[in-house]
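Here are my notes for you to read alongside the model. Have the viewer open while you go through them.

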Amino acid sequence: MEINEEKIEKDIEILKDGPICKYFKNGILDEDLNWFNSNNFEIIEMNCRNWNRKNAHQNLKIALNFPDYYGDNLNAFADCLTGMYNKRYKGLILVFRRYDNFVEEDGKFAESILDIIARESRLWLLTGQKLIGLIQSDNPDLHLPEIGGTSPSWNSAEWFDADRKK
């Protein structure tokens with residue numbers, strides 16, 4: 001079955017390659033966020049410039065409005081993410097700007113956050129909801145290992161290396 005790329009909605013375009021998508025240029029990310037906003041997706045943005053193992057959970061708790069009893073660990077993150085399912089929206093877009101800084105600070109921990117989002121995304125899809133993680137990197141060569149069984153790819157506008165040159 002051949003798919004016409006021009007007619008694919010942005011959410012499907014991203015999800016076909018996995019629930020995590022990388023961006024280099026903020027302008028392209030902003031264009032995609034405008035599409036998600038106008039198509040009834042809830043969007044939560046976070047700046048990860050100064051994230052590390054000690055403050056990441058507190059930053060997640062504040063940005064995602066997790067309850068006071070949030071346990072500041074990866075299991076609690078997964079549990080609270082499950083609870084964010086909201087039928088008023090078509091899905092949830094978690095935007096992590098400057099994620100390369102967090103990856104440089106603590107790569108395994110940063111990858112674990114994305115892996116949980118990828119696992120939760122599959123569960124959400126079973127109930128008709130979409131959970132997508134968009135990570136913006138100031139490093140045009142950011143490489144991540146497989147997250148949730150797939151390697152995060154660059155968005156369609158920056159797929160070629162030359163498209164991520166400043």
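The points below go from the overall fold to the sheet, its helices and the aromatic rings.

1. Ground rules. This is a predicted model, so local features need pLDDT of at least 70 and side-chain atom pairs count only at pLDDT 80 or more, while totals for chains, interfaces and linings use all residues. Residues are numbered from 1 along each chain as its sequence is written, and side-chain values use heavy atoms, with hydrogens and water left out.

2. Overall make-up. I count 6 helices and 5 strands in the protein, where helices (H or I, at least four residues) and strands (E, at least two) are DSSP runs numbered from the N terminus. Along the sequence the pattern reads α-β-α-β-α-α-β-α-α-β-β.

3. Size and surface. The radius of gyration is 15 Å, which agrees with the value near 15 Å for a compact globule of 166 residues; it is taken over C-alpha atoms, and the globule rule is 2.2 Å times the number of residues to the power 0.38. Along the principal axes, the C-alpha atoms fill a box of roughly 45 × 35 × 25 Å.

4. Buried residues make up 47% of the 166 (buried is under 20% relative accessible area, exposed over 50%, partly exposed in between, with a 1.4 Å probe and protein chains only). Of the contacts with a separation of 6 or more, 75% are between residues 24 or more positions apart; contact means heavy atoms within 4.5 Å.

5. The sheet. The 5 strands make an open, parallel sheet in the order β2-β3-β4-β1-β5, with strands taken as paired if DSSP finds at least two bridges between them. β2 (41-47) and β5 (153-154) are at the edges with a single partner strand each, so one side of each has no neighbour in the sheet.

6. Around β1. What joins β1 (residues 20-23) to β4 (residues 130-136)? There are 4 bridges, and the two strands run parallel. Y23 has Q136 as its bridge partner in β4, and K22 stands opposite I135. Towards β5, the pairing is also parallel, over 2 bridges, with C21 opposite S153. Both faces of β1 are covered: I20 and K22 on one side, C21 and Y23 on the other, all buried.

7. Helices on the sheet. Helix α2 (residues 26-38) lies across β1, β2, β3 (91-97) and β4, at about 165 degrees to β3. Helix α6 (residues 107-126) touches β1, β3 and β4, and its direction makes about 155 degrees with that of β4. Axes here are lines fitted to C-alpha atoms, for helices over the stretch in contact, with angles from 0 to 180 degrees between N-to-C directions.

8. Aromatic rings. How many aromatic pairs are there? The count is 12, using rings of Phe, Tyr and Trp (its six-membered ring) with centres within 6.5 Å; planes under 30 degrees apart are stacked, over 60 edge-to-face and the rest tilted. W51 and F102 are edge-to-face, 5.4 Å centre to centre with 75 degrees between the planes. They sit 51 residues apart, W51 in the loop between β2 and α3 (56-63) and F102 in helix α5 (residues 99-105).

9. F102 is buried at 0% relative accessible area, and F109 is buried at 4%. Ring pairs link W51, F96, Y99, F102 and F109 into a cluster.
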